[in-house]
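Colleague: I'm new to this structure and would like to learn how to read it. Could you walk me through it?

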Amino acid sequence: MTLPQRRAAIVSGAGRGIGAAIAGALAADGCDLIVHYQSNRATAEATGAAIEAVGARAVLVAGPIEEQGTADALVEAALAAFGRLDIVVNNAGITTSGLPLHEVPADEILHQFRVHCHGAFMLTKAAIPHLLRQERGDVIYVSSTAVPKLIPGTGGYAMAKAAAETMAGIMAKELCRLGIHVNIVGPGLTVTDMNMGSAIADAAALAKLDTTMPFGHVCRPEEIGALVAFLVSTPNSYMSGQKIYLDGARGG
């Protein structure tokens, strides 16, 4: 499962949670990282320190993922720091208001699509010319089990993630003959600030919730990081166009 040494990766939304865990897993397998974050410099610096602790290099880049300038800055940073780009992980995301879909403000729907779909599209599009220069390129889209489960209250979030999954599926078919692998990872409930808020600070509450879940625990970000590292690691693999929902077989 080891990556060829010194590949370079961009992980959007890598300041904390799932993105930080993905960045850490790639670093442990020999990747240098562009760590994207929106505004929280402190958490991004913690991610960067963890990457450097395993001997990889980390460069921090801030900006709204829904803006073209951020996509361009991330790719330019990878080329300037590492001279190459091999992997793009579209992970940056925002939460939902939890309202019934018919009550969600229209501007919230648009924001969800700009972040989860359009932002990922712009970053991937900016990266592709450089991924094509490598023997193998990889693009990962981090989706959600909210898409197949059609969970009430996920509204525009699930809609935007579904659109991103469609985009990824089409790109997988279009890019497979060009040496670029495109895959989708869809976490279920995961222990992150965005998913669980203050609940993760309550050790007793989390321990109780763990007992109700498959395999005795709520999914941890590190488990998602390990899956992403696997998906981008196998040379000459047929692993492309795949959609893997990581929910411990909870299903609907």
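Modeller: Among contacts (heavy atoms within 4.5 Å) between residues at least 6 apart in sequence, 74% join residues at least 24 apart. Keep in mind that this is a predicted model: local features need pLDDT of at least 70, side-chain atom pairs count only at pLDDT 80 or more, and totals for chains, interfaces and linings use all residues. Residues are numbered from 1 along each chain as its sequence is written, and side-chain values use heavy atoms, with hydrogens and water left out.

Colleague: What does the secondary structure of the chain come to?

Modeller: Helices (H or I, at least four residues) and strands (E, at least two) are DSSP runs, numbered from the N terminus. Here there are nine helices and seven strands.

Colleague: How many of the 252 residues count as buried?

Modeller: Buried means under 20% relative accessible area, with a 1.4 Å probe and protein chains only. By that rule, 50% of the 252 residues are buried.

Colleague: And which residues touch the most other members of the largest nonpolar core?

Modeller: In soluble globular proteins, nonpolar side chains tend to be buried together. A nonpolar core is a set of buried Ala, Val, Leu, Ile, Met, Phe, Trp, Tyr and Cys residues joined through side-chain atoms within 4.5 Å. The largest one has 34 residues, and Ile10, Ile34, Leu85, Leu123, Tyr141 and Val182 touch the most other members. Helix H4 (106–131) is among the elements giving two or more residues, and its nine make up the largest share. A second, separate core has 29 residues, including Ile18 and Val228.
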